[in-house]
Amino acid sequence: MPNSVVIVDDSRFQIMQLSRFFSETLGFEVAATGENGEEAVELYRKHTPDLLTLDLTMPRLDGRGAIVKILEEFPAARILVISAVKGPLLLDCLALGARSYIEKPLRFDKEDFVRDFKSSVEEILRSP
Amino acid sequence: MAAAFLDAGGAGFLLLLPDGTVAPAAELAGLLAGAGPAPGPRASIGEALGLGPEQASHFAKWLDLVKRRHRTLRWEKLAPLAPLLETAIGTDEEEIRAPLSYRKLLDGRGELAAIVVIAADPLPGRALERKLEEERHGHLLETRDVLALAANPPETAGAFLVDAKARLEAARKDWDAWLAGSDRAGGSPAGLRDGEGDSPGRRLFRELHMIKGNAGAFGFENLAAGAQEAEDLLEGLKRPGASTERDANRLARALGALQSRFEELQRAMRVIAGEGQEAMARILRWKLERVVAAAGGIEAERLDPPLRNLVESTRRLAFLSPAYLARKYRNLVERLAHSLGKQVAFRVASNTGDIHPESFARVDEALVHILRNMVDHGIEAPEERKAAGKGEAEIELEYVAQDDRVFLRLRDDGRGMDPEAIASRGIELGILTRAEADRLDEVGKLGIIFTEGFTTRREAGMVSGRGLGLALAARNVSDRGGNIYVFSRPGEGARFAIELPHPGRKRLPQ
C-alpha cells in the first residue's frame with residue numbers, strides 16, 4: 001500500500017507541482033490538498049496521512065499555528081515544512097517538532113533539489 | 001573589523017561550545033579526546049563574531065535546534081540554517097566577506113562536543129584580485145601614455161621619442177661601461193657612485209632623470225614611472241655598503257623594462273601618427289619647419305643665385321594644410337578650455353589648401369595670445385552660455401590669401417566686448433583721457449585692448465589677464481609688418497583680424 005500525503009500550500013500551482021512529484025516520482029497517494037492552516041488541521045484529522053507537507057506563510061491559520069495544533073493532537077505526526085522562509089520562524093517550526101524542511105523555490109528540474117527532497121522524505125518516513 | 005579568531009589572511013576557525021560560548025582552536029585536540037572544555041572565562045559566540053542582539057538570539061535558537069536535532073536531522077539541513085554565513089575581514093577601505101562554514105564535532109560518546117566555525121581562506125581570491133588590480137593599473141598607465149601621444153602634436157611627440165631614444169641608448173652605453181669597469185671586479189659599484197668627474201654612474205643618472213622629466217612633461221606617465229624606478233634603484237646602488245650583485249641585476253631589469261616601455265610607445269606612435277613612412281614624414285616635416293623658419297630670417301635677395309634659390313625653395317617646401325593648422329591650435333584651445341572648465345569647438349577654414357607656413361610662424365605668438373584671450377575672457381562659462389540660450393562655444397580660425405595679402409581671422413561667439421566699457425576702463429587705468437576717448441569710434445575704442453597695461457580684470461588670471469597678452473600680440477604683428485584689428489559688440493562675440501603681407505608673393509625670383 002502506497003504512502004499517503006496531504007499537501008497544504010496557498011499556491012494552487014505549487015500544490016499541483018507537489019502532487020505530481022509525490023505521486024509520479026515518489027509513488028505516494030495524494031490523500032488531499034489544502035490551502036491554509038485550518039484546512040491542514042482538518043485534513044490531517046480526516047486522513048491521518050503518513051506525511052503532511054506544510055507551507056508556512058498562509059492565510060487563516062499559518063503553518064506554525066497548524067504545527068502546534070496538529071502535534072498537540074497527534075504527537076507522532078510527520079510534518080515536512082516546504083517554505084521559502086529560512087529565518088528564526090523556520091527554526092521555531094523545527095524546534096516545535098516539524099521533522100525537516102524543503103527550501104522553496106521548488107526546482108524539480110534540478111537534480112540536487114530532487115535528491116535532497118527524496119532524502120528528506122525517506123528520512124522522515126524511517127523515523128517513528 | 002575582522003573577528004579576532006581570524007589570521008592575517010582572514011582564515012581560521014573557532015569552536016562553538018554547546019553552551020553558546022566559544023573556545024579557541026587550540027582546544028580542538030582536547031575536545032576530540034573527550035577532555036571537555038578548559039575552564040576559564042569565555043566569550044559568547046555573539047561577542048566572538050561581533051553579532052547584534054537580534055543575530056545573537058537567532059544564533060542561540062539555531063544552537064538550541066542543533067543540540068536537539070543533530071542526531072535526527074542531517075547536517076546538510078542544519079548547517080544552512082545558521083544565521084551567519086559570512087564574516088567581514090580586512091580593513092575599512094577594503095572589506096572582504098569571508099564565507100563561514102560549520103561542522104559538528106562529536107565526542108567519543110557521540111554527544112555534540114562543539115560546532116567548528118570555519119572562515120574559509122579568502123587569500124587565493126584576494127591574490128587574484130590584487131593581480132587583476134595591478135594589471136588594470138598597468139593598462140591605465142599604458143593607456144595614459146597612448147593618450148599623451150594623441151594629445152601632443154605628432155611632431156612634438158616624435159621629437160620626444162627621438163630624444164628619449166638617444167637617451168636610452170646613452171644610458172645603455174653608460175651601463176655597459178660600468179659593467180665593463182674594473183671596479184666591478186671588486187664587487188663594488190663605485191663607478192655608479194657620485195664621484196668626481198663624468199663617471200658612467202653620473203651620466204646614467206642624468207639620462208634617466210632627463211627621460212623622467214621629459215616623459216612627465218609630455219604626459220607619458222608609464223615611461224616616467226619606469227625611469228623613476230630605474231633612478232631609485234640607481235640611487236640605492238650609490239649608497240655605501242649597498243649590496244651589489246642583486247641590486248645591479250634589479251637595475252638591469254629596470255632598464256630593460258624601461259626600454260620595452262619605450263618600444264611600446266614607439267609602436268603606439270606608429271599607430272597614431274601613421275605607419276612607417278608616414279610617421280617619418282611627419283617628423284621630417286617638424287624638422288623641416290625649423291629649417292624653413294630659419295630660411296625665413298634670411299634676406300634671400302642679397303644672396304648669390306644658387307643660395308637664394310635654395311632659400312626660396314626651402315621656404316616653399318613646407319606649405320601647410322588647414323588640417324595641420326587645426327591640429328596645432330585645437331590642442332591649445334582645448335587644453336586652455338579644459339583648464340578653465342569650458343568647452344570650445346575649434347574650427348579652421350581656409351580659401352586655399354596651401355597655407356604658407358611663414359604666415360603662422362611669424363604671428364604664432366599673436367595667435368596664441370588672442371586664442372588665450374578668447375578662451376579666458378571671451379567664452380563664457382557653460383552655465384552662463386546656457387542661461388543666454390547659447391550652445392557649445394565656437395572659435396574659428398580663418399586663413400584667407402588674397403592677392404599680396406594674407407588675413408588670419410579669429411572669431412569667437414562669446415560674450416563680446418563693449419567699446420564704451422573698454423574706453424571707460426582705459427581712462428580708469430590712465431591709458432587715455434576722456435577727451436581722447438571721445439574722439440575714437442567703436443573700432444578705435446576697442447583698439448585700446450592692444451595697449452600695454454590694459455586689463456579688464458582686477459587680478460591676473462591663470463591663463464591671461466596681466467594686461468600684456470594682446471599688447472604683445474599687437475607688437476608681434478606690427479613687427480612683422482602687419483596690422484591687427486578687433487571688432488566686437490556686447491553679446492555678439494569678438495572678431496580679430498591679422499593682416500600680413502603674403503610671404504610667398506613678395507618678390508619671387510624670376
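Which residues have the most contacts inside the largest nonpolar core?

## Nonpolar cores

In this predicted model, the residues with the most contacts inside the largest nonpolar core are A:Leu54, B:Leu16, B:Phe59, B:Trp62, B:Tyr102 and B:Ile115. The core comprises 49 residues. The element that gives the most to this core is helix 3 of chain B (residues 53-69), with five residues. Another core lies apart from it and has 48 residues, including B:Ile395, B:Leu397, B:Ala474 and B:Ile498.

## Chain A

Chain A contains five helices and five strands. Read from the N terminus, these elements follow the order β-α-β-α-β-α-β-α-β-α.

Of the 128 residues in chain A, 47% are buried. Among the contacts in chain A with a separation of 6 or more, 62% involve residues 24 or more positions apart. The accessible surface of this chain is about 6,100 Å², and carbon and sulfur atoms account for 48% of that surface.

## A mixed sheet in chain B

Chain B has an open sheet of five strands, arranged in the order 6-7-8-10-9 with mixed pairing. Strand 6 (344-350) and strand 9 (483-488) of chain B are the edge strands, each pairing on one side only. On average, with direction ignored, neighbouring strands of this sheet are turned by 15° against each other.

Strand 7 (residues 393-402) and strand 8 (residues 405-412) of chain B are joined by eight bridges in the antiparallel sense. B:Glu398 has B:Arg409, in strand 8 of chain B, as its bridge partner. Helix 18 of chain B (residues 469-479) packs on the sheet, where it touches strand 9 and strand 10 (494-501) of chain B. The direction of helix 18 makes about 140° with that of strand 9 of chain B.

## Contact between chains A and B

How many residues does each chain bring to the contact? Chain A provides 17 residues and chain B eleven residues. About 1,300 Å² is buried between the two chains, with 52% of this area given by carbon and sulfur atoms.

On the chain A side, the residues that lose the most area to chain B are A:Leu91, A:Tyr101 and A:Glu123. Together they make up 40% of what that side buries.

Notes:
Residues numbered from 1 in each chain as written. Chains lettered and ligands numbered in written order. Predicted model: local features only at pLDDT ≥ 70, side-chain atom pairs only at ≥ 80, totals over all residues. Heavy atoms only, no water. Core = buried A, V, L, I, M, F, W, Y, C linked by side-chain atoms within 4.5 Å. Buried < 20%, exposed > 50% of the residue type's maximum accessible area, 1.4 Å probe, protein only. Helix = DSSP H or I, 4+ residues; strand = E, 2+ residues; numbered from the N terminus. Contact = heavy atoms within 4.5 Å. Areas by Shrake-Rupley, 256 points an atom, 1.4 Å probe, with all protein chains shown as cover. Pairing = 2+ DSSP bridges. Axes fitted to C-alpha atoms, helices over the stretch in contact; angles between N-to-C directions. Buried area = accessible area lost by both parts, 1.4 Å probe.
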